[in-house]
Amino acid sequence: MDQILEVKGLCRDYGKGSITHAVDHVDLSVEKGEFVGIMGPSGSGKTTLLNCIATIDRPTGGSIRVEGQEITGLKPKALAKFRRERLGFVFQDCNLLDTLTAFENIALALTIRGTPAGQVEGLVRETAGLLEIGDCLNKYPYQMSGGQQQRTAAARAIVTRPALILADEPTGALDSKASRLLLDRFEALNTQLAATILMVTHDAFTASYCHRILFLRDGAVFTQLERGTLSRRDFFRRIMDVVATLGGDQSDVL
Amino acid sequence: MFSKLAVKNVGRSFRDYGVYFLTVAFGVCLFYVFNALETQTVLQYLSGNQRQDLVDSIMRLIGMLSVFVWVVLAFLILYASGFLVRRRSRELGTYLLLGMERRQVAGLLLAETAFTALTALAVGLALGVVLSQALSVFTAGLFAVPQTAFRFSVSVPALVRTALAFVGIFLLVMVCHTLSLFRKRLIDLLRANRTNQELKARSLGASVALFLVGCALLGVAYAMLLIRGMLRVDALFWVMIGLGSLGTLLFFRGLSGFLLRLCQGSKKLYYKGLNLFILRQFNAGINTTYRSMTVICLMLLLAIGITATSVGLNNTVERMTEEAQPWSVELTVWPEEEGQAMDLPAALAERGFDPDRWCGPWAAFPLCRDSQGEFGLREADYAALESAWGTERAQAFLKHQGAEVLPNDDGGAYTAVLWHFLADYAGDPQGAEEAFLAAVSDLTNTGGYSYSTKQAAWMDLMGTKVLVLFIGLYLGVVFLVASAAVLALQQLSQAADSAGRYQILSRLGVSERDRGRSVDVQVFLAFFLPLALALIHAVVGMTAANEIIAQVGRVDVGASGAVTALLLVAVYGGYFLATCWGSRRMLRASA
């Protein structure tokens, strides 16, 4: 299989003098069509890791390759191009533009890439259908529920068919029903469109939708968990075990 | 207690305070220059030449206009400081959250405002003194006033008046802020950045109808103006002004409703790059700001109209006087009895004004009635006049007096009705004028007389020029600055509100260049939509005004157009560029 993302020895330090290693020599590789989760307690560096991959933050060491292209040293202009052509984002605070309708929010991702105007409408409607938001395309974000907003953000992320979708706590602000719906859609994107998804979460239920989970602690990889042929329920239990170990270790320290 | 924090706050938010500071300083500077008009060389020259009455009336008019300008500046500064407080409401909310009392926060705000205001006042006054001085030299040259040695003069009354006026404004600002701070709830302060702009949905048909009605009203107002002219101030005049203003309002309201739909109609345009974002941004703004667009459009119209008219009028007035007063001195005497012979040159020489000493060409002659009752000038006297000043001026004199050349062969049947003395000074005109005035004032026992001198006419003219030009340009600049500053602040506050949106755009992979371009387009639309309509208004208005001016003299369209354009480019263009730069900076910092 093709390798979409390859992270090697990634470091992100903060401060001078007494340095904090937010991300400390992390290795990670994601293959095409994978649905990978990153878990860990607060302060474990999972969001920093994601921000580095998303080119929002700059790592202090190591390398990140997306489809073989090294992205750590890119110039601002090349970075912007890389972001709009290769990446899709879904964030906890959903990041929809409040002046635009759902349709326009999704369409904007296409127009800034220079997609021909004639194709925009078809692509948006097709993607919206996949995420089951076809009936609220003409609404403004503040007229939609949180779940609909998140699925709109997901549609915006996927409509450009990016190499990699990055999701940071996408279910963080949703109730359990909306979470389930969003995750079902993520799964559908993953299976039907072979979308590659990298998702950060601290919620075990959300993580149980992934194929593989990377556990971080204090900026370093603690362990990895593969779902394999396990049912989601069994996988969820395995995850809970690891979370308990993570927490247990911490209480030992205390 | 909080003075240290206050000073630090001002330093930290210097960028936000920058626009406010500039606006206040510029306002102070203009206000001082206007009020310190008496120190101007031109006015001192006028008052030094027995034209104290003129100077007094100018100063009275300036006093009245100052009140008007004060009101405009007060609104402007209130608006500018409101923008600042809104920008910082989150910070103020944090102070409250940390347990500071409202009284203390209000005190902090007061200290900051006072600190900025006093600095701006000082800077503005210093600028004003310098500008006033420069203006004095410049206008003295413009009005051809003989300049004595350069004197540095500061008008203390103007300083005091300016300081008082602005301290008054600052007190007003402080009261308003304190009140609003005490009224606001903490949650509103903390969440100020998150409140959405309301997007009113309006049907397309209604918008188009409003726009068309607006255009129709404007058309009616234009037609009235062009047909009726400008000077008939009656009930219909105010109807016309009302129609124009309402038309402008409906124009912008309608435009705000359907501009977006119009662009959405063209998919090629709408789905290209950031276009849909820019249009939405602009639309969100215009829905709430079409009223301010109307006000700005009308203010711009005033600025353009006043500036252009005053410059045009100034040049016309000058030419008119040149034609009306061709001689250095013109004395007319009515003898007590018709037919009485007079020797005006001798009479003047006797009283200390010897024409041969003071004058170049001169002539003294009677205007007579002949035996048929024809009124005119004897042929010999006309020949003398013609030889002294040429045919053109001699003819002009005849036309002006309504006289004809009477044939010389009518024997002694002439009756002298009026005696004329015409002369051009030679050498020292100042001395000649004084000698003439002294001599003429002693002429009482010879009957009725009237005189006009070129210098007196110049003084009158100069008074009018100073009045028209100074006040016109001043008001023009004030309106221009006011509208540009309001627009700048509005755009900057919109940029501040949009910071989050630009951050999202950055994450979506929109390059910095494209984001900057999007900001520029928005600022451009906000600045140049009102300007475009104001220019159309102004062209129609100037056409009407020029018709009136053209009745009394030739209109100098070139000069007035050039001066107005220069002012527009300098002030409005300057504010436009500064706003683009400021908005870009604000958004770059947030992305």
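**Figure 1. Strand 1 and strand 4 of chain A run antiparallel in a predicted model.** The open sheet shown here has 4 strands in the order 2-1-4-5, with antiparallel pairing. Its edge strands are strand 2 (20-31) and strand 5 (69-70) of chain A, and each of them pairs on one side only.

**Figure 2. Strand 8 of chain A is covered on both faces.** Strand 8 spans residues 197-200. In a regular strand, side chains alternate between the two faces of the sheet. On one side of strand 8 lie Ile197(A) and Met199(A), and on the other lie Leu198(A) and Val200(A); all of these residues are buried. Strand 3 of chain A, residues 35-39, runs parallel to strand 8 and is joined to it by 4 bridges. In this pairing Met199(A) is the bridge partner of Gly37(A). Strand 7 of chain A, residues 164-168, also runs parallel to strand 8, again with 4 bridges. Here Leu198(A) is the bridge partner of Leu166(A). Between strand 7 and strand 8 the chain passes through helix 6, residues 176-192, in a β-α-β crossover that is right-handed.

**Figure 3. Chain A and chain B are in contact.** The contact involves 23 residues of chain A and 21 residues of chain B. Helix 2 (76-86), helix 3 (102-111) and helix 4 (117-130) of chain A each supply at least two residues of the side that touches chain B. Helix 2 gives the most, with 6 residues. Sorted by class, this side of chain A has 14 nonpolar, 3 polar and 6 charged residues.

**Figure 4. Glu126(A) is placed in helix 4 of chain A.** Is Glu126(A) buried or exposed? Glu126(A) counts as exposed because 12 C-beta neighbours lie inside 10 Å, and the cut-off for exposed is 12 or fewer. The C-alpha atom of Glu126(A) is separated by 8.7 Å from that of Val159(A), a residue 33 positions apart along the chain.

**Figure 5. An open sheet in chain B is made of 6 strands.** The strand order is 4-3-2-5-1-6, and the pairing is mixed. Strand 4 (404-406) and strand 6 (448-453) are the edge strands of this sheet, each pairing on one side only. Neighbouring strands are turned by 30 degrees against each other on average, direction ignored. Strand 2 (residues 359-369) and strand 5 (residues 415-425) of chain B run antiparallel and are joined by 9 bridges. In this pair, Leu367(B) stands opposite Leu418(B) of strand 5.

Figure 6. Of its 591 residues, 42% count as buried. Among the contacts in chain B with a separation of 6 or more, 89% come from residues 24 or more positions apart.

Terms used. Residues are numbered from 1 along each chain as its sequence is written. Chains are lettered from A and ligands numbered from 1 in the order in which they are written. This is a predicted model: local features need pLDDT of at least 70, side-chain atom pairs count only at pLDDT 80 or more; totals for chains, interfaces and linings use all residues. Two residues are in contact if their C-beta atoms, placed from the backbone, lie within 7 Å. Ala, Val, Leu, Ile, Met, Phe, Trp, Tyr, Cys and Pro count as nonpolar, Asp, Glu, Lys and Arg as charged, and the others, Gly among them, as polar. Two strands pair if DSSP finds at least two bridges between them. Axes are lines fitted to C-alpha atoms, for helices over the stretch in contact, and angles run from 0 to 180 degrees between N-to-C directions. A residue is buried if 20 or more other C-beta atoms lie within 10 Å of its own, exposed if 12 or fewer, and partly exposed in between; C-beta atoms are placed from the backbone. A crossover is right-handed if, with the strands pointing away from the viewer, the path from the first strand over the helix to the second runs clockwise.
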